[in-house]
Amino acid sequence: MSFKKAYLFITEYILLFALASCIGWLYEMICVWILYGYYFDRGVLHLPMCPIYGVGILLLMLVLKRVNHTAGIFLGSFIIATGVELGASYLLEYGFHRILWSYEGWPGSFQDRISLVSSIIFGLMATFFIKVIKPPIDKLFKI
């Protein structure tokens, strides 16, 4: 791979990471506002970003790179995002003694760690990102 191609590849994926992190931040702000009626900044380092969404979308794009059908992308995203969220909740609680979210009272909740509703939302968000946001960025970077 030439230096120019490597540079474009890395730049594109940094941009995709940042976009997904900002979209995730916006999603969390909206959820807190709707559910609790107040503003609570879920970003990190005073930035409007939740990096878990950036890491998640990069993981999904890597695992689902050969999947082109919208339903397959949704189903794969739904399953992988749910697994990552469940695993992260255990890691944070048992490894760092932190509980950063709870789906108490949400439909289809499992141990208040994951929820059917949130999993569907994550699947829809990832499918939208991969099918609508990523293609014009790919074209911009010509990768």
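**Entry 1: threonine 127**

I looked up threonine 127 and found it in helix H4; helices here are DSSP runs of H or I with at least four residues, strands are runs of E with at least two, and both are numbered from the N terminus. I am working with a predicted model, in which local features need pLDDT of at least 70 and side-chain atom pairs count only at pLDDT 80 or more, while totals for chains, interfaces and linings use all residues. Residues are numbered from 1 along each chain as its sequence is written, and side-chain values use heavy atoms, with hydrogens and water left out.

Is threonine 127 buried or exposed? I noted it as buried, because its relative accessibility is 9% (buried is under 20% relative accessible area, exposed is over 50%, and partly exposed is in between, with a 1.4 Å probe and protein chains only). A polar atom of the threonine 127 side chain lies 2.7 Å from the backbone oxygen of glycine 123. Not counting residues up to four places away in sequence, threonine 127 touches Thr70, Ile73, Phe74 and Val132 (contact means heavy atoms within 4.5 Å). I also checked aspartate 41, which is 86 residues from threonine 127 along the chain, and the C-alpha atoms of the two are separated by 25 Å.

**Entry 2: H3 against H4**

Next I looked at how H3 and H4 pack, and got an angle of about 130° with the axes 8 Å apart. The axes are lines fitted to C-alpha atoms, for helices over the stretch in contact, and angles run from 0 to 180 degrees between N-to-C directions. H3 and H4 are therefore oblique to each other (under 35 degrees counts as roughly parallel, over 145 as roughly antiparallel, 65 to 115 as roughly perpendicular, and the rest as oblique). On the H3 side I listed contact residues including Thr70, Ile73, Phe74 and Glu85, and on the H4 side Thr127 is among them, together with Gly123 and Lys131. By class, the residues of this contact divide into ten nonpolar, seven polar and two charged. For the classes, Ala, Val, Leu, Ile, Met, Phe, Trp, Tyr, Cys and Pro count as nonpolar, Asp, Glu, Lys and Arg as charged, and the others, Gly among them, as polar.

**Entry 3: asparagine 68**

I went to the loop between H2 and H3 for asparagine 68. Asparagine 68 counts as exposed because it has 60% relative accessibility. Leaving aside neighbours within four places in sequence, asparagine 68 is in contact with Ile73 and Lys131. From asparagine 68 to glutamate 85 I noted 17 residues in sequence and 24 Å in space, C-alpha to C-alpha.

**Entry 4: the loop between H3 and H4**

Serine 115 sits in the loop between helix H3 (70–96) and H4. Serine 115 counts as buried, because its relative accessibility is 2%. Which backbone oxygen does the side chain of serine 115 reach? I found that of proline 107, at 3.1 Å. Setting aside neighbours within four places in sequence, serine 115 is in contact with Tyr103, Trp106, Pro107, Gly108 and Ser109.

I then checked glutamine 111, also placed in the loop between H3 and H4. Glutamine 111 is not a glycine, yet has a positive phi of about 50°. Aspartate 112, in the loop between H3 and H4, is not a glycine either and has a positive phi of about 60°. Glutamine 111 counts as partly exposed because its relative accessibility is 47%, and aspartate 112 counts as partly exposed because its relative accessibility is 29%.

**Entry 5: H1 and its partners**

Last, I turned to helix H1 (residues 3–36), which packs with helix H4 (residues 116–141) at an angle of about 145°, the axes being 11 Å apart. The contact of H1 with H4 has 15 nonpolar, two polar and three charged residues.

With helix H2 (residues 51–63), H1 packs at an angle of about 125°, and the axes are 7 Å apart. H1 and H2 are therefore oblique to each other. I wrote down Tyr13, Gly24 and Glu28 as some of the H1 residues in this contact, with Pro51, Gly54 and Met61 among those from H2. The residues of the H1 contact with H2 divide into eleven nonpolar, three polar and one charged.

Definitions and conventions: A polar contact is a pair of N or O atoms within 3.5 Å; within protein, one must be able to donate a hydrogen and the other to accept it, and residues adjacent in sequence count only if both atoms are side-chain atoms.
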